[in-house]
Amino acid sequence: MADPMSCEEATDLLALEAVGALEPADRELVERHLATCAPCTHAAAEYADLASLLPAALDLVPPPARLRRQLMAQVYAEATAPSRPSWWRRLVAAIPAGRPFTAIGAVAVVAAIVVGIYAVAGRNATSTSVTYTVSGTTATGTLSVDTTARQAVLTVKGLSALPSSEVYEVWLIPPQGAPKGAAFLSPGLGGGPWTAVMGGSMAGYTSIAATVEPAGGSPTPSNTEVLSGQLTVS
Amino acid sequence: MHLSDDDIVRSISAHSPEGIEALYDRYGGLAHTVALRILSDRGAAEDVVQESFLAVWRRGSTFQPGRGSLRSWICTIVRNRAIDRLRGDRHRTRLDSPIEGESIEPTVSDPWAAVAVELSAEEVRKALAELPAEQRQTIELAYYGGFSQSEIATKMEVPLGTVKGRVRIALDKLRASLADRMETSWPTQ
Ligand SMILES: [Zn+2]
């Protein structure tokens, strides 16, 4: 998809973003530009640092000692609480006794097959694909897995725009072992659905999820799941 | 022992309570100052500071060195939460909670850090004072008032493009002016 924004235009918007005045509609445009422009990413950091110097001109008002005590009491209480299983472990555990998705399994599931996913990827050839639903608190979407081209397209509605410091990262989750960061969701034009394209086989993964991560992605998902779905055929 | 910002980030990433403690001791005062400037309400400002540091604790550090300093990261977290609260409160009346007698504890334990903060406050004040009034007002409406580009345009009765231009020129001028001051106040190596 062509980036319609010049660095000059992007820089104007980055200055607005740094002081918090950027309009939500412009955020998606500037995010798309930042995704491919290192100089503007650097300029974004510089403007953010400059804006954060504004409070340095204020007279420092120290918080009451009570606030520190309250905060640290809460932190230490949570630090010693028994640890819960990670959210992705719970997701895997919640999967009913269906068959995990495999390349062979998917081809056999005629009922779930839809035709025409490749129109999304810009090709006209008909090919078979399997569609799964994904959902979260506000988000809904579908994952279309092309079983012949070994490509999957995740399309999601209902996600809110993120600041330039964050991305939606898509994870493929195996029944055992750590989730694999597979792609980032890109915002659609004019508030359209978010999409992510993933190459390679989906075989061996039982769930998919998306989380909010710092720009550039994380080695493991944080506890900020915005949607999830199961790659199983019941 | 003096922890660098990098040490603090590593400690938070390792989910260590000491990391949050160090973060609070270094930037809690700044966080409280920002929240109070935005909300003009002690109780609300304290809530926002507590929520912000707890969010960092619960979620782990999402700080990325390439995307700005630790200082600007925590400022942004606190500012955004305070603005969210302010915007919510614009549509309802608050019952002000009584302020109890409370002690103040120093938030800066490192004397060199204290000097740096004071120096920078004075330098930043001067640099801000040099901006034309309409530019300074524009960035303050945005940063402390939580107004968006179009809201500022309406408030100041200027076109959208003027707001955009003023913010960028103001930040570019601030950068140039602070860079000059840094060169004159810090001996070059
Ligand atoms: Zn650029």
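1. In this predicted model, helix α1(A) passes α3(A) in a right-handed crossing. The two helices pack at an angle of about 30°, with their axes 9 Å apart, and are therefore roughly parallel to each other. From α1(A) the contact draws on A:Cys7, A:Ala10, A:Thr11, A:Leu14, A:Ala15 and A:Ala18, and from α3(A) on A:Cys40, A:Ala43, A:Ala44, A:Tyr47, A:Ala48 and A:Ala51. By class, the residues of this contact are 11 nonpolar, one polar and no charged.

2. For reference, the ideal angle for four tetrahedral donors is 109.5 degrees.

3. A:Cys7 lies in helix α1 (residues 7–18) of chain A, while A:Cys37 is in the loop between α2 (24–34) and α3 (38–52) of that chain, so the pair ties together parts that are 30 residues apart in sequence.

4. A:Arg27 belongs to helix α2 of chain A. Neighbours within four places in sequence aside, A:Arg27 is in contact with A:Glu17, A:Leu22, A:Ala161, A:Leu162 and A:Pro163.

5. Between the chains, helix α4 (residues 65–80) of chain A and helix α2 (residues 17–39) of chain B have axes that come within 10 Å and cross at roughly 165°. That makes α4(A) roughly antiparallel to α2(B). The crossing of this pair is right-handed.

6. The residues of α4(A) in this contact are A:Leu67, A:Arg68, A:Leu71, A:Met72, A:Val75, A:Tyr76 and A:Ala79, and they meet B:Pro17, B:Glu18, B:Ile20, B:Glu21, B:Tyr24 and B:Asp25 of α2(B). The contact divides into nine nonpolar, no polar and four charged residues.

7. Helix α2(B) also packs against helix α3 (residues 42–59) of chain B, at an angle of about 145° and with the axes 9 Å apart. The crossing of α2(B) and α3(B) is right-handed. On the α2(B) side the contact includes B:Pro17, B:Ile20 and B:Tyr24, which are also among the α2(B) residues that meet α4(A). Among the α3(B) residues in the contact are B:Val48, B:Val49, B:Phe53, B:Val56 and B:Trp57. The residues of the contact of α2(B) with α3(B) come to 16 nonpolar, two polar and two charged.

Methods. Residues numbered from 1 in each chain as written. Chains lettered and ligands numbered in written order. Predicted model: local features only at pLDDT ≥ 70, side-chain atom pairs only at ≥ 80, totals over all residues. Heavy atoms only, no water. Axes fitted to C-alpha atoms, helices over the stretch in contact; angles between N-to-C directions. Helix = DSSP H or I, 4+ residues; strand = E, 2+ residues; numbered from the N terminus. Parallel < 35°, antiparallel > 145°, perpendicular 65-115°, else oblique. Left-handed = near helix turned anticlockwise from the far one by under 90°. Contact = heavy atoms within 4.5 Å. Nonpolar A, V, L, I, M, F, W, Y, C, P; charged D, E, K, R; others polar.
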